[in-house]
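Here are my notes on this one, as numbered points. Have the viewer open while you read.

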Amino acid sequence: MGKRRVILVTDGDEYAKKTIQYVAKFYGGRCISSSFGNPTKLSGEEIVQLIHQAPYDPVFVMFDDSGFLGEGFGEKAMKYVAKDPSIEVLGVIAVASKTHDSEWAKVDITVDRFGEVSPYGVDKSGIQEMDIGRINGDTIYCLDELNVPIIVGVGDIGKMARIDDVKNGAPVTKKAVEIILERSGYDVSKWNKHEADITDTF
C-alpha cells in the first residue's frame, strides 16, 4: 500500500470526537476514535498502527494537550505521526482555545462560525480576530515545525454557540475539511451531491 492520507485535528474532547466521527463518515473516511482524550493517551507509534488498520482514507486523527503549555503529550504524538514516512498529511485543522498570550500558531486560512473564509484569526467561539494568519490555542505549539500543505484555523469544534453541532451538520468543521480535501485533489461535490464550491455550504 502507498502512504495513508491523514487529516490532523488539534482537539480531542467529546464534542470533537462526535463531530470528527460524523464528518469523517460524511466524506467516506475514517476517524481514529480512540485518539480522542483530554489529554491524548495514545503514543505516536500506537496511532500510526491504528491509521494503517483503517480501511479507508482520509483518516482523521485527534490530538489534545489539555492546556499543557509547551510541547505536551498530544503534540509529541502529532509530531511523530506527521513525520512518519508512511503517512501523508493532507492538512491540519487547528482549533482555537482560551490561551491568549501563551501559545499561538500560524494558519493559512480560517473558517469563522458564520462560514466566512478569511486570512484573519478566530477565537474559541469562532469569531474573527484582528491578527492575520495566526490563532491562539492548545496543542498548536509545534505546528510551525510540521511540513504540511495547509493549516485551517477554526473555533471550538462541535460548539461555537451550537452552530457547529452535529445536529446542524457540523458546517464549520465540514467546510474546513472540504478546503483541505479540495486542496488535496478530492472532488467534494460527490459527497455534497451537487457541484458546489466550498463557499456554498452555508
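1. Y27 counts as buried because its relative accessibility is 0% (buried is under 20% relative accessible area, exposed over 50%, partly exposed in between, with a 1.4 Å probe and protein chains only). F26, at 28% relative accessibility, therefore counts as partly exposed.

2. How many aromatic pairs are there? The count comes to one, taking rings of Phe, Tyr and Trp (its six-membered ring) as paired if their centres lie within 6.5 Å, with planes under 30 degrees apart counted as stacked, over 60 as edge-to-face and the rest as tilted. The rings of F26 and Y27 have centres 4.8 Å apart and planes at 80°, so this pair is edge-to-face.

3. Before going on, some bookkeeping: this is a predicted model, where local features need pLDDT of at least 70, side-chain atom pairs count only at pLDDT 80 or more, and totals for chains, interfaces and linings use all residues. Residues are numbered from 1 along each chain as its sequence is written, and side-chain values use heavy atoms, with hydrogens and water left out.

4. On confidence: pLDDT (the predictor's confidence in each residue, from 0 to 100) averages 88 over the protein, and 90% of the residues score at least 70. Residues 194–202 stay under 50, and the model has 17 contacts for them beyond four places in sequence (a contact is heavy atoms within 4.5 Å). Where pLDDT is low, the predicted coordinates should not be read in detail.

5. Now the sheet. It is open, has seven strands in the order β2-β3-β1-β4-β11-β6-β7, and its pairing is mixed (strands are DSSP E runs of at least two residues, helices H or I runs of at least four, numbered from the N terminus; two strands pair if DSSP finds at least two bridges between them). The edge strands, β2 and β7 (117–118), each pair on one side only. Helix α4 (residues 171–183) packs on the sheet, touching β1, β3, β4 (87–95), β6, β7 and β11 (151–154), and its direction makes about 145° with that of β4 (axes are lines fitted to C-alpha atoms, for helices over the stretch in contact, and angles run from 0 to 180 degrees between N-to-C directions).

6. Have a look at β3 (residues 59–62): V59 and V61 point one way, F60 and M62 the other, and all are buried. With β1 (residues 4–9), β3 pairs in the parallel sense over four bridges, and V9 stands opposite M62. β2 (residues 30–31) also runs parallel to β3, joined by two bridges, with V59 as the bridge partner of R30.
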